[in-house]
Amino acid sequence: MKIGILEDEAVWRDRIQACIEKYCKDNNVEYKIVLYKNRNENIENKDLDLLFLDIELDEGENGFEIAERLMNSGSQCRVCFLTSHTELARLGYRFNAFRYIDKKHLEEINEAIDYFLKTKIQDRIVYCRDTAGINIKINLKELLLIETNGRKLRYLMLDGREYFCEGLISETAQSLSRFGFYHIQRSYVVNLKYIEAVNSREVTLCNGIRIVIGRAHGKEFKKAFFQWRMQFDS
């Protein structure tokens, strides 16, 4: 994870950096911190994941203008605004602010990074071997479901693409469970992110596919599903 800090006061820059480093070390998060002192360092070309940005900079510089420039550049970087003046908080959301952090409460940096990492939980690639022995790249955030198909597994993507690969569904379900996938019944693993509706018998996915909930999986599935929604859909 690449994190930027734009703060023109060294004392605050050091404190913010220390908070980020402590969180990442305590949680075994790989990170790189890039420090900036002013708006003239071409931030939009730095490929940042997360930027902690002071709203009030020296010489009349405005953090909102920097955030707007970043947003207009097409960058996927998320911005956490920092300020000592709480009345400015509401303005930050005009610029797609990810978080607003009061400098008097820098412990909120932990929560911001924690939530950011949760939103990125499916931003990863896994590999499976297809029927021809070729390794296939599967982007988890585009994977809708996995189902048994004879002695193979069928990976169905959001756009309708499908891949037939080797593997056991129980082992695959276990390896993907921490990324938001659930072994909903004997033959199916579904991406919790793409469940549109749930009732006592079945789930409906975003493309209209309905899958019956396995009798042995019902209570645990609903618990896992609602926990996922509370954590990631807020």
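Contact here means heavy atoms within 4.5 Å, and the legends below describe close-up views of a predicted model.

**Figure 1. Surroundings of Y155 in the largest nonpolar core.** Leaving aside neighbours within four places in sequence, Y155 is in contact with C128, I138, L143, L145, I146, R161, E162, Y163, C165 and T172. Y155 belongs to the largest nonpolar core, a set of 35 residues in which L143, Y155, I184 and F221 touch the most other members. A second, separate core is made up of 21 residues, among them I16, Y23, F52 and I113. As context for these views, the protein chain has six helices and 15 strands, and 44% of its 234 residues count as buried. Among contacts in the protein chain between residues at least 6 apart in sequence, 52% join residues at least 24 apart.

Figure 2. When neighbours within four places in sequence are left aside, the contacts of F225 are L192, I195 and V198. The C-alpha atoms of F225 and V198 lie 9.4 Å apart in space, while the two residues are 27 residues apart in sequence.

Figure 3. N110 lies in helix α4 and counts as partly exposed, at 33% relative accessibility. Leaving aside neighbours within four places in sequence, N110 is in contact with C19 and Y23. N110 and Y23 are separated by 87 residues in sequence, yet their C-alpha atoms are 6.2 Å apart in space. Y23 is also one of the 21 residues of the second, separate core.

**Figure 4. The salt bridge between D54 and K103.** D54 forms a salt bridge with K103, in which the closest N and O atoms are 3.4 Å apart. This pair links distant parts of the chain, since D54 sits in strand β3 (residues 50–54) and K103 in the loop between β5 (97–102) and α4 (108–119), 49 residues apart. D54 counts as buried at 1% relative accessibility, and K103 likewise counts as buried, at 6%. E7 joins these two residues in the view, as E7, D54 and K103 are linked in a network of salt bridges. Across the whole structure, a search finds 13 salt bridges.

**Figure 5. The salt bridge between R210 and E202.** Side chains of opposite charge can pair when their charged atoms come close. In this view the side chains of R210 and E202 meet in a salt bridge, with an N to O distance of 3.8 Å. The two partners fall into separate accessibility classes, because R210, at 61% relative accessibility, counts as exposed, whereas E202 is buried, with a relative accessible area of 15%.

**Figure 6. The largest pocket and the charged pair in its lining.** About 300 Å³ of space lies in the largest pocket. The residues that line this pocket are M1, V29, E30, D49, F116, L117, K120, I121, D123, R124, R178 and F179, and by class the lining has six nonpolar, no polar and six charged residues. K120 and D123, which both belong to the lining, form a salt bridge with their closest N and O atoms 3.5 Å apart. K120 is partly exposed, with a relative accessible area of 31%, and D123 is also partly exposed, with a relative accessible area of 37%.

Figure 7. N28 lies in the loop between α1 (10–26) and β2 (32–36), and its phi is near 55°, a positive value in a residue other than glycine. At 74% relative accessibility, N28 counts as exposed. E56 has its place in the loop between β3 and α2 (63–72) and counts as partly exposed, at 30% relative accessibility. E56 and T83 are 27 residues apart in sequence, and the distance between them in space is 6.9 Å, C-alpha to C-alpha.

Conventions:
Residues are numbered from 1 along each chain as its sequence is written. This is a predicted model: local features need pLDDT of at least 70, side-chain atom pairs count only at pLDDT 80 or more; totals for chains, interfaces and linings use all residues. Side-chain values use heavy atoms; hydrogens and water are left out. A nonpolar core is a set of buried Ala, Val, Leu, Ile, Met, Phe, Trp, Tyr and Cys residues joined through side-chain atoms within 4.5 Å. Buried means under 20% relative accessible area, exposed over 50%, partly exposed in between (1.4 Å probe, protein chains only). On a 1 Å grid over the protein atoms alone, a cavity is a set of points where a 1.4 Å probe fits but cannot get out, and a pocket is an open set with protein on both sides within 12 Å along at least five of seven lines; lining residues have an atom within 4 Å of a point. Grid points are joined across faces, edges and corners, and a volume is the space filled by probe spheres set on the points. Ala, Val, Leu, Ile, Met, Phe, Trp, Tyr, Cys and Pro count as nonpolar, Asp, Glu, Lys and Arg as charged, and the others, Gly among them, as polar. A salt bridge is a side-chain nitrogen of Lys or Arg within 4 Å of a carboxyl oxygen of Asp or Glu. Helices (H or I, at least four residues) and strands (E, at least two) are DSSP runs, numbered from the N terminus.
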